[in-house]
Amino acid sequence: MGGATFKYNDDDDHGIPILQIPSRSRSQRARLSYQRWRNPLLVIGGILFVLYFLQGGERDSTDWSRLAYVQYATDTHTLCNALMIFDSLKRLGSKADRALLYPEEWDRGSDDPEDRTTLLLKQAKRSYGAKMKPVQLLSIDGPAEPGTLKSPSDYGTSITKFRLFELEEYDRVIYFDGDSILQQHMDELFQLPPTTMAMPRAYWSDQPRDRWPLASTLMVLSPNVAETKHIYETLQWWRLQPDRDDSRHYDSDLLNDRFGSSALVLPHRPYLLQTMEFRWDDHAAYLGSYGAPASAIKWDPHVALEEAKLIHFSDWPLPKPWIMWPRDGLTEIQPSCGGSHVASCDEREIWKGLYEKFRLKRRDVCRILSVPAPQDWKQYKNDTGAL
C-alpha cells in the first residue's frame, strides 16, 4: 500500500485487535478521488458531446429579429387568414418575427368595442406577437380603401403585397398567400444564398414546362424600398399602352416581369402544393416526372399531403375556403375519383378534409363563421368570368 505502515492498537470489547490505518497524503487522496469519479465523468462528457453535435455543433448565431414572416390584410377576411398563419407559425416553433401590414385607417379604431376587425388586430399583437405595420393599401388604380367583413376588398388590392419591399428593418422576409394551410415552418429559407427574390415555379401552369412563370403564392425576398416604386411605376406604364392586356395588372405578372429571369427558383416540392392537385388525373408536373421511366412515377395523395409545407387553396371557380360550397359547385369541382362512380376516394376525402380543416381553424382562431354559399352557382360562375 505505497509503503504505508499499519499497526494494531489495543483490542475491542471482544478482544479483537483494532487496526489503525494511517492518514493518506494529499496526492493519495487526489488519486483515489480521480479513480472514483473517472468513469461517471467520461459518461457525462460523452453525453454532452453527442448533444452538442445533434444541435448542429455550434450555437445558433442567427439574428432572428432581422428575419420575418409577413402577411398583409385588406379586409376582415384576409386579416383572419393572417392570424391563422401566425397561429401556425407559433405552434410550429418558428424563430423569426411575425409582421402584419394592415390598412392605416384601422388605427382609428371603431366605436363598437365588439368590432371584429379591431378585436383581431389586438389579437395579432397580444397573442402572436405580431409587429404591426400600418400602410396605405394599393390597387391598380392607386390608393385603395379597406374592405370589411360584409364588404370584402377586391383582388386588385393584392398589389399591396409590393409594400413588403419597404420593410427594410428586415434583411429577409417570407410571404405566402394567407388562403393556405401551413403544415411546417420554412425557417431554413432564411438561410438561402443572397438574392433579391426567390419563388417557386407555377407547376400548374398551362404553359409549356420550360415557360412556367414564377408563382407569387410564395416569396422569399430582401426588402428594398426602391423595388416598390419601380414595380408600381411599371404597372402604371402598362396601363397607358393602347394595346394593353387588362389581365396583366396583377401581382404575379408584375413580379414575373421584374424577377422572371433573375429570381432564385424554389422547388415546389415540398414548399407548395395546390389543392387542385387532388382533382387532377395527371400528376407529372407536380411529381417532376416528365421523361422519367414509368417505375419512377408514383403518385400517393397521402405522401403528397404529408410532405407539403404549404397547401394553397386554388380550385377556381369554386369560392375561397371561407365561403361555403354551393351544392352544384361542389358536385362539379370536387375530385372525380378517376371518373369512376364510387362514393368517394382518397383524393376526394383529403380535398374535402382540407376545406373543413381551414373552416374549423377560422372559427377557433377568429371566432368567425364561414360565409354562406352563393345561391346561384351558374350566376356566380358568370360573375367570376368562368362562363
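Analyst: The buried residues of helix H3 are Thr117, Thr118, Leu120, Leu121, Gln123, Ala124 and Tyr128. Here buried means under 20% relative accessible area, exposed means over 50%, and partly exposed lies in between, with a 1.4 Å probe and protein chains only. Helices (H or I, at least four residues) and strands (E, at least two) are DSSP runs, numbered from the N terminus.

Two notes on the source come before the details. This is a predicted model, in which local features need pLDDT of at least 70 and side-chain atom pairs count only at pLDDT 80 or more, while totals for chains, interfaces and linings use all residues. Residues are numbered from 1 along each chain as its sequence is written, and side-chain values use heavy atoms, with hydrogens and water left out.

H3 covers residues 116-128, and its 13 residues should span 18 Å at 1.5 Å a residue. The expected span is 1.5 Å times one less than the number of residues. The end C-alpha atoms of H3 are 17 Å apart, which agrees. An α-helix has 3.6 residues a turn, so residues three or four places apart point the same way. After H3 comes Gly129, with a positive phi near 65 degrees.

What do the buried residues of H3 pack against? Their partners are helix H2 (76-92), strand S4 (97-103), strand S5 (131-135) and helix H10 (346-366). Contact means heavy atoms within 4.5 Å.

Take H2 among these partners. The axes of H2 and H3 are 10 Å apart, and the two helices pack at an angle of about 20 degrees. H2 is therefore roughly parallel to H3. Axes are lines fitted to C-alpha atoms, for helices over the stretch in contact, and angles run from 0 to 180 degrees between N-to-C directions. Angles under 35 degrees count as roughly parallel, over 145 as roughly antiparallel, 65 to 115 as roughly perpendicular and the rest as oblique.

The crossing of H2 past H3 is left-handed. A crossing has that name if the near helix is turned anticlockwise from the far one by less than a right angle, and is right-handed if clockwise.

On the H2 side, the contact uses Thr76, Leu79, Cys80, Leu83, Phe86, Asp87 and Lys90. These meet Arg116, Thr117, Leu120, Leu121, Gln123, Ala124, Ser127 and Tyr128 in H3. Sorted by class, the contact of H2 with H3 has eight nonpolar, four polar and three charged residues. Ala, Val, Leu, Ile, Met, Phe, Trp, Tyr, Cys and Pro count as nonpolar, Asp, Glu, Lys and Arg as charged, and the others, Gly among them, as polar.

H2 also packs against H10, at an angle of about 90 degrees and with the axes 10 Å apart. That makes H2 roughly perpendicular to H10. From H2, the residues in contact are His77, Cys80, Asn81, Leu83, Met84, Asp87, Ser88 and Arg91, and from H10 they are Phe358, Lys361, Arg362, Val365 and Cys366. This contact of H2 with H10 divides into six nonpolar, three polar and four charged residues.

Arg367 has a positive phi of about 60 degrees although it is not a glycine, and it is exposed, with a relative accessible area of 58%. Most residues other than glycine have a negative phi.
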